[in-house]
Amino acid sequence: MTPLMLGFLGLPLVLVLIFLRVPIGLAMLGVGVFGSWLITGSFNPVSAQFKNLTYSTYASYSLSVVPLFLLMGQFATLGGLSSGLFNAAAAWLGHKRGGVAMAAIGASAGFGAICGSSLATAATMGQVALPELKKYGYSGALSTGTVAAGGTLGILIPPSIILVIFAVLTEQNIAKLFMGAFVPGILAAIGYIIVIMLYVRMVPGSGGVRERLPYGRRFRELAKTWPVLAVFVAVIGGIYAGIFTPTEAAAVGAAGTFLIALAARSLDRKSIVQACLATASATAMIFLIVLGAAALNSFLALSQVPQVLAAWVGEQGFNPWIVMILVLIFYLVMGCVMDSLSMILLTVPIIFPMMSVLDFGLTPDEFGIWFGIIVLIVVEVGLITPPVGMNLFIINSMAPGTRLSDTYRGVLPFVASDMVRTAILVAFPPVTLWLVWMLY
């Protein structure tokens, strides 16, 4: 069997192992090492390569952002920043029809700006928002659908762990990717709010209202969110002002949220240890997947699959936009059965070189940013797409009495909003890139 044939068999084999419930990192690692051994015919060069691969992968300076952003999210949760954001948003919007649900979206967007993880954002906001939504008479479908959709803002609004991984895989600028995600993130939040406005009008009785608060109370609640703004300005502002590298900014953010949680007297020795252990556990899982992806990519490089596939696509003269649509459909389908990080690590090393040879009227750097944001959005849709949307299971488990089928039904309008936003961003790349052009 030729190396090229082995390479083409590698990806289906990884998927089979995943469906057999083998951990994604081990599946990619096993196929990568075994495939490289079959191609080289000896395990000695493979073991030597694996030793160097392990060091070079974990010595990547860019990957140090991941545990720091995870730790920042842990301390932000302990510091009660999520409840402050929700209370402020509800103070301004709660008296409107669907206003408490809109507040959940606004708070999710704010928390996503200091968290970087979709699952963490969904779980944290679920604890805060679901009891309030139930209190004011919101249906289980709208409540769980809103919080699940709002959670996806955690990986879109910078800082985003998935964007950091994409930048490492494709050698893109992390700061530019963060900037490119701003406008799509704002559009996502606006789209979700519009969905809620339409939902409560089309489905009578699905949402209630809370009392209108005086402006003095509203401003007091808003003032309590200053720690979130301070951390966001320090992290993101520090990056774009050239004061910090992304890694340094993540360290500043982690230290800042630690001090906020300490000032709120929500930290003790036990909670600090739990936060560090949760960060270490999540980091270990991510890094194992990254190492598995590196081994698989090394095997694919030996087999020449990415190079051959990219050359073939370039020679066929395919319409670039048709190829883009097919790739996005592929990601949408895969997102129904795989988590976002695994999907990015498994597919981007193959798909990105193939897409890079097509002419979308953009420079290589512009294409990398635009394509990265588009992929991130479609992956985000997968988090709330039945039957295996990770956010749906997390939120449904936090809402006793709400059937999973109700959560599915409640999230579908938000998925439709995501589809419209994706179409806009694909058709009009400047919507994603104009902020990058302006600042760079």
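Is Val203 buried, partly exposed or exposed? Val203 has a relative accessible area of 35% and is therefore partly exposed, where buried denotes under 20%, exposed over 50% and partly exposed the range in between (1.4 Å probe, protein chains only). The model is predicted, so that local features require pLDDT of at least 70 and side-chain atom pairs count only at pLDDT 80 or more, whereas totals for chains, interfaces and linings use all residues. Residues are numbered from 1 along each chain as its sequence is written, and side-chain values use heavy atoms, with hydrogens and water left out.

Val203 is located in the loop between helix H10 (174-202) and helix H11 (215-223); helices are DSSP runs of H or I with at least four residues, numbered from the N terminus. Together with Ile186, Ile190, Ile194, Met197, Leu198 and Met202, Val203 forms a nonpolar surface patch with about 650 Å² of accessible area. Such a patch joins nonpolar side chains (Val, Leu, Ile, Met, Phe, Trp, Tyr) within 5 Å, from residues with over 30% relative accessible area and no salt bridge, the latter being a side-chain nitrogen of Lys or Arg within 4 Å of a carboxyl oxygen of Asp or Glu. Accessible areas follow the Shrake-Rupley method with a 1.4 Å probe.

The largest pocket contains about 1,000 Å³ of space. On a 1 Å grid over the protein atoms alone, a pocket is an open set of points with protein on both sides within 12 Å along at least five of seven lines, a cavity is a set where a 1.4 Å probe fits but cannot get out, and lining residues have an atom within 4 Å of a point. Of the 37 residues lining the largest pocket, Leu119, Met285, Asp339, Leu341 and Met390 lie nearest its centre. This lining comprises 25 nonpolar, 10 polar and 2 charged residues; Ala, Val, Leu, Ile, Met, Phe, Trp, Tyr, Cys and Pro count as nonpolar, Asp, Glu, Lys and Arg as charged, and the others, Gly among them, as polar.

The second largest pocket holds about 400 Å³ and has 23 lining residues, with Val168, Leu169, Ala294, Asn297 and Pro349 nearest its centre. H14 contributes the most to this lining, with 7 residues. The lining of the second largest pocket has 16 nonpolar, 7 polar and no charged residues.

One cavity of 30 Å³ or more is present. The largest cavity has a volume of about 50 Å³, and H3 supplies the largest share of its lining, 4 residues.

Notes. Points joined across faces, edges and corners; volume = space filled by probe spheres on them. Helix = DSSP H or I, 4+ residues; strand = E, 2+ residues; numbered from the N terminus. Patch = residues over 30% accessible without salt bridge, like charges linked within 9 Å, V, L, I, M, F, W, Y side chains within 5 Å.
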